[in-house]
Amino acid sequence: MAAWVILIVALLALSSSRALASDPSPLQDFCVADFDSNVFVNGFPCKDPTTVTADDFHISGLDKVSNTDNDLGANITLVNVNRLPGLNTLGVAMSRIDYAPFGLNPPHSHPRSSEILHVAEGTLYAGFVTSNTEKGNILIAKKLSSGDAFVFPQGLMHFQFNLGDTNAVAFAAFGSQSPGLITVANALFGSKPSIPDYILSQAVQLSKTTVDWLQQQEWVDIAREY
C-alpha cells in the first residue's frame, strides 16, 4: 500500500513539474548538489558528475509514520534538495504529512512553489485563501477523502485538518527543489527578533497584552526547512 502511494505521488510530481516548476531549467542531465562547495549561487553548485552515485538520487523512510505528539497533532517529512541532493535544479520536491486524530497542518504558504496534495489515508478538510480582492480574502476549501487530490497555488496561505478520529496520511508534490515555508502564526508571533507589539496590536486588532502573551508562546514548527 505504502509503495503504491509513493509511486502515485512520484508520478504526480513528475507530471506536474513542467507546469508548476518555478526553478530555472537544468542545462544538463543533472546537477547533484555539492554541499561542501564554497561557491555561493542561487541553489547549490554541481557535484563532479564522475563522483555521482545512485545514493544521490535516493531516499528511504517515507513509509514510516512520523511522531505527531505535539500541540498541532501533525508532522511533516520534507524531501527537498537539502535532504536529497539529486533534486538540485530539477524543480521538484515532496513531503509526507502525518496527522493524529483532529491533527492540523496549520495555515502556511510556500513562496516558491505550488503544491498538489494526495490523501492516502483518512479524511481531511483542506483549503487555501485567495489574495486580496474586492470581495475580501476568499476561502476555497473542501473535504477530502482517501484517493483525492487538491492543489494549493503558489504563495497562497493554505492548511489541512484531520476530520477523523483516526490517523491520516497525505503526500505532497512541489514545483520547486526548495519550496520554502512560512507558517503564519510562527511568522507573526514567533519571529526573532519579535515584531514590535504596537505594530501587531494595530494590525490584528488585539490588545498589546494579548499580543505580548502570544509572543511568549512556544510556536510548534512541524516542518522546519533548513
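About how much space lies in the largest cavity? The model is predicted, so to speak from the start: local features need pLDDT of at least 70, side-chain atom pairs count only at pLDDT 80 or more, and totals for chains, interfaces and linings use all residues. Residues are numbered from 1 along each chain as its sequence is written, and side-chain values use heavy atoms, with hydrogens and water left out.A search of the whole structure turns up two cavities of 30 Å³ or more. A cavity here is a set of points on a 1 Å grid over the protein atoms alone where a 1.4 Å probe fits but cannot get out, and lining residues have an atom within 4 Å of a point. The largest one holds about 110 Å³ of space, a volume being the space filled by probe spheres set on the points, which are joined across faces, edges and corners. Of its 14 lining residues, I76, S95, H110, F174 and A223 are the closest to the centre. Strands β1 (74–79), β2 (93–99) and β3 (104–109) each give two or more residues to this lining; strands are DSSP runs (E, at least two residues), numbered from the N terminus.

The second largest cavity has about 40 Å³ of space. Its lining is made up of I76, N105, P106, H108, L181, T183, D221, I222 and A223, with β3 giving the most, at three residues.

Strand β3 also turns up in an open sheet of five strands, ordered β6-β5-β8-β3-β10 with antiparallel pairing; two strands pair if DSSP finds at least two bridges between them. At the edges sit β6 (139–144) and β10 (182–183), each pairing on one side only. Further in, β5 (residues 124–129) and β8 (residues 158–162) pair antiparallel over five bridges, and Y125 has F161 in β8 as its bridge partner.

Methods: 1 Å grid on protein atoms, 1.4 Å probe; cavity = no way out; pocket = protein on both sides within 12 Å on 5 of 7 lines; lining within 4 Å. Helix = DSSP H or I, 4+ residues; strand = E, 2+ residues; numbered from the N terminus.
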